[in-house]
Amino acid sequence: GLVGWQYNSSITTAYATGAATGGDRALVGGLVGGQYESSSITTAYATGAVMGGDDAKVGGLVGHAEKSSISTAYATGAVTGGDNAAVGGLVGTQLVGNITTTYAAGDVAGGAGAFVGGLVGFTEAGVAQTVAGDQNYWRTQAAGVSGCGYIASGDCGGVTGKTEAELKQLITFTDWSIDTVGGQSKTWRLYTGDAYPLLKVFLRPLAVGV
């Protein structure tokens, strides 16, 4: 959506809204396709639909994350992969790294033999490698879909499923720097009951004439 391949670098205060599509064995992400070697993504989001073919690694924000970190980010687009793909609402596959203070709200689906997770499709050591209190959330949806589609070792700690209505309530995000009124020095803004949390750095005032 923004970068195909990220290596030993940082992406911050960035977003992508267009659809991202890849073929078989591709790395496809709403923001970044492949993220490697001490790379980081922070204060970022993607809203476009993401689609990959068979054996692809497909994520709403990042297709494949390895030895890297993602924080203060979200993805809301639908994510779809083919047979034997790794499909995650936020990240397709995560091999060693950290995911903190994120959420994924898009529908996720995969073909036969696919690893499908509301937040991460396949994780090598579990998303539990997060900072204490910096919880990650995913929107609960179809029966049989969990936060992590497959975990090679460890667990899916630090990842909590919430309904669409719960993801629009302040009580869900008590550990986040988030507010429901303007004029505060917080990272996130929540319009209670109307929208998922938004990153304040991207918000702009709107003047309405009468």
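What percentage of the 210 residues of the protein count as buried? With that settled, with which residues does Asp179 form salt bridges, and is Asp179 itself buried or exposed?

Modeller: The model is a predicted one. Of its 210 residues, 48% count as buried. The accessible surface amounts to about 8,900 Å², of which carbon and sulfur atoms supply 51%.

The secondary structure comprises 20 strands and 0 helices. The radius of gyration is 16 Å, close to the 17 Å that the globule rule gives for 210 residues, so the protein is as compact as a globular protein of that length. Along the principal axes, the C-alpha atoms fill a box of roughly 55 × 30 × 30 Å. Among contacts between residues at least 6 apart in sequence, 70% join residues at least 24 apart.

I turn now to the part you asked about. Side chains of opposite charge can pair when their charged atoms come close. The structure holds 5 salt bridges, and Asp179, Arg189 and Lys200 are linked in a network of such bridges. Asp179 pairs with Arg189, their closest N and O atoms lying 3.8 Å apart. This pair links distant parts of the chain, since Asp179 belongs to strand β18 (residues 178-179) and Arg189 to strand β19 (residues 188-189), 10 residues apart. Asp179 and Arg189 are both buried. Asp179 also meets Lys200 in a salt bridge, with an N to O distance of 3.0 Å. Because Asp179 lies in strand β18 and Lys200 in the segment after β20 (198-199), this second pair ties together parts that are 21 residues apart in sequence. As to your last question, Asp179 has a relative accessibility of 2%, and so counts as buried, the cut-off being under 20%.

The side chains of Glu164 and Lys168 meet at 3.3 Å, N to O. Glu164 has a relative accessible area of 39% and is therefore partly exposed. Lys168, at 16%, is buried.

The strands that carry Asp179 and Arg189 belong to a sheet. It is an open sheet of 3 strands in the order β18-β19-β20, with mixed pairing. Its edge strands are β18 and β20, each of which pairs on one side only. Strands β18 and β19 run parallel and are joined by 2 bridges. Within this pairing, Ile178 of the strand that also holds Asp179 stands opposite Trp188 in β19.

The nonpolar residues provide the remaining context for this region. In soluble globular proteins, nonpolar side chains tend to be buried together. The largest nonpolar core here has 35 residues, and those touching the most other members are Leu31, Ile41, Leu61, Val62, Ile70, Leu90 and Val91. The elements that give two or more residues to this core are β2 (10-16), β6 (40-46), β9 (62-75), β12 (91-104) and β14 (115-123). Of these, β9 gives the most, with 5 residues. A second, separate core of 14 residues includes Tyr103, Phe173, Ile178 and Leu190.

Residues up to four places away in sequence aside, Val62 touches Val28, Gly29, Val32, Gly33, Gln35, Ile41, Ile70, Leu90, Val91 and Gly92.

Strand β10 (residues 79-80) pairs with β13 in the parallel sense over 2 bridges, and Thr80 stands opposite Ala109 in β13.

Gln141 is found in the loop between β15 (136-139) and β16 (146-151). With neighbours within four places in sequence left aside, Gln141 is in contact with Gly106, Asp107 and Val108. Gln141 counts as partly exposed because its relative accessibility is 25%.

To return to your request, the network consists of Asp179, Arg189 and Lys200, with Asp179 buried at 2% relative accessibility.

Note on methods
Residues are numbered from 1 along each chain as its sequence is written. This is a predicted model: local features need pLDDT of at least 70, side-chain atom pairs count only at pLDDT 80 or more; totals for chains, interfaces and linings use all residues. Side-chain values use heavy atoms; hydrogens and water are left out. A salt bridge is a side-chain nitrogen of Lys or Arg within 4 Å of a carboxyl oxygen of Asp or Glu. Buried means under 20% relative accessible area, exposed over 50%, partly exposed in between (1.4 Å probe, protein chains only). Helices (H or I, at least four residues) and strands (E, at least two) are DSSP runs, numbered from the N terminus. Two strands pair if DSSP finds at least two bridges between them. The radius of gyration is taken over C-alpha atoms; the globule rule is 2.2 Å times the number of residues to the power 0.38. Contact means heavy atoms within 4.5 Å. Accessible areas come from the Shrake-Rupley method with a 1.4 Å probe; for residues, only the protein chains shown count as cover. A nonpolar core is a set of buried Ala, Val, Leu, Ile, Met, Phe, Trp, Tyr and Cys residues joined through side-chain atoms within 4.5 Å.
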